[in-house]
Amino acid sequence: MLRLDNVFVKAGDFSLSPVSLSMRKEERHVLLGPSGSGKSTLLEAIIGFRRPHRGSVFLDGQELSDISVENRGIGYVPQRLGLFPHLTVRQNILYGIRIRRVKESKYFELAERLIGEVGLGSLVSRYPETLSGGERQRVALARALASAPRLFLLDEPFSALNESLRRELWILLKKLLDHNKIPTLMVTHDLEEAFFLGERISVLIEGKMHQSDAKTVVYRKPATVEVARFLGIRNLFPARIIDKDDSCLILDCPALKTRLPVNRSRNDHIIPEIGDEIIAGILPELVHLNHINQSDASSLVRLNGEVIDIIDTGRGIKLQFRPEGCDVVLDVSAGLREAALVNVGNAEVGLAAANLFWVPKTKR
Amino acid sequence: MNFKNFTIASAFFIFVFYGGLIASLAYFMDGRILLETLFSGRTLFSIRLSIVAATLASILALVIAVPAAFALSRNSFPGRMIVDTILEFPIIVSPAALGAILLIFFNNPLGEWIQKNVMTFVFVFSGIVLAQFVTILGIATRLVKSTMDEIPASYEQVARSLGATPARAFITITLPLARRGIIAAFILSWAKAMGEFGATIMIAGTMAMRTETLPIAIYMRLATADIGGTVVLIVCLLLFGLGALYSVRLISSRLAKYA
């Protein structure tokens, strides 16, 4: 399917470190990263708007560097959608078919089916300026898919929409992609969007690819400190490996005044050695609030301390937990149901080895 | 007077200043001279010559300005800054100097060769068109470029991703979206060409019924102290100019912004 081999792109003063990436057939892949990390630049290199200085882009085994944009067969939805204002909804959607002078009826049937699928049946004679934000998104999606592209690229198409409309369109996009079986690479800086729509996620930060994995792996086992921080994980503590076996590392973590067992499932390509200085990470959602669930036996490490603050986020609560005798604060997340059971004051939390992760201390 | 009133007063000063100058023409306006001058063969020739030459010069300028403006708006290429700066050349050089440059050019070996083997420009109709073309080319390019700058390049990018070649994307997307801006640029260039005097007189001279455009006719009438006739020709030129500007305002008010 799509493969990037050490693609190096320069855009003015910004340059993207050589990026390698591979996407499987029919995969929904999300390129995640903060603003200015080079996500759109990489997308432009794939579609052909920008020529890589080095490296190659392959699509279905075909090297794309000598193939012009119009012959790559890549559907594209830019951030501002680029709906042609002088064309009606139908003319926008049929533009690709007409411009390529395609005669086969299957393409027109596909376009008509897509118009129905995205719910634009009654709007086909309208001009883009008369449509709502959500309707415009639907036109842009249908237009890009109507040409039956080999690959579908989306550059933060939902960033300007409100929360409920975005969620509605996520569901629609997922349905469209599942139905039309088109491999998709989508750029976003929104974690929820990435995890909702992506099957695999690649994290690009400051022009460097930090991780490319299944989405559950990316969140539960971030590969670098930068990825962990970008994912909003603040529970990162310096530690030292003091023991190890085939499945587990034992870390000494002075900040928490405890020893932590961490599963070795991640970062296997980096061989951790006893004595290595690393960073131990704890996901706030996977910290066990033991005084709520006393019977939880999976917690291997228990920390006594104090809940110093409770923040209601509307969708749950975030606790600030200070382990006894420590200067650091541990973020703990809990659901709304648990909110009523938590009070400021003494508490105990539990950390399970499977829910901890480690990352190298220095940048790779 | 507070600041707001001061600014409004400044705006009104401009109106009163120009309006007053135009209104002062009425002092020398005479019904008989008006009809006599307006329907004289010489005046009709001047009007026809000016319209034909300005239209030709504007079309030629747009033929070059549209692709040039697209290149300047969309691409980064060596020398782009120089080309972009030189668009202002006809504005910074006085029209008379521009005409003198043309005249001098046709006296060098290359110019002489062109005059001999391609087309004659000095003291003939083609010289008028050339003088007007040189004067308006930069302005026309600048005006079309402003329109192109307002059209996001992402439209063309999307069109290309949908299978359009760069030329097809330009013809099917950019050109229709820039249509009103191009028409406005044409009208403004045409109005500027209609009023062109300095460069035209240098290369085409002042030959009655041959190279006598409307501005040259004004000059020639004034030279013979025919104030009444001069006023009539000035009013004609004013009506053409103001009509063109009004058309542009009309088009601009309908001009959609594609931000």
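**The sheet in chain A**

Author: This is a predicted model. Chain A has an open sheet of 4 strands, in the order β2-β1-β4-β5, with antiparallel pairing.

Reader: Which strands stand at the edges?
Author: β2 (14-22) and β5 (62-63) of chain A. Each has a single partner strand, so one side of each is left without a neighbour in the sheet.

Reader: And over how many bridges do β1 and β4 of chain A pair?
Author: Over 5 bridges, in the antiparallel sense. Strand β1 of chain A covers residues 2-11, and strand β4 of chain A covers residues 54-59.

Reader: What stands opposite A:Phe8?
Author: A:Arg54, in β4(A).

Reader: Which helix packs on the sheet?
Author: Helix α1 of chain A, residues 39-47. That helix touches β1, β2 and β4 of chain A. Its direction makes about 115° with that of β1(A).

**Between the chains**

Reader: New topic. How many residues of chain B are in contact with chain A?
Author: 20 residues of chain B, and they meet 23 residues of chain A. The buried area is about 1,900 Å², and carbon and sulfur atoms give 65% of that.

Reader: How many salt bridges between chain B and chain A?
Author: The count is 1. A:Glu70 forms a salt bridge with B:Arg160, with the closest N and O atoms 2.5 Å apart.

Reader: Which helices of chain B supply residues to the side that touches chain A?
Author: α9 (154-161) and α10 (166-194) of chain B each supply at least two. By class, that side of chain B has 12 nonpolar, 6 polar and 2 charged residues.

Note on methods:
Residues numbered from 1 in each chain as written. Chains lettered and ligands numbered in written order. Predicted model: local features only at pLDDT ≥ 70, side-chain atom pairs only at ≥ 80, totals over all residues. Heavy atoms only, no water. Contact = heavy atoms within 4.5 Å. Buried area = accessible area lost by both parts, 1.4 Å probe. Salt bridge = Lys/Arg side-chain N within 4 Å of Asp/Glu carboxyl O. Nonpolar A, V, L, I, M, F, W, Y, C, P; charged D, E, K, R; others polar. Pairing = 2+ DSSP bridges. Axes fitted to C-alpha atoms, helices over the stretch in contact; angles between N-to-C directions.
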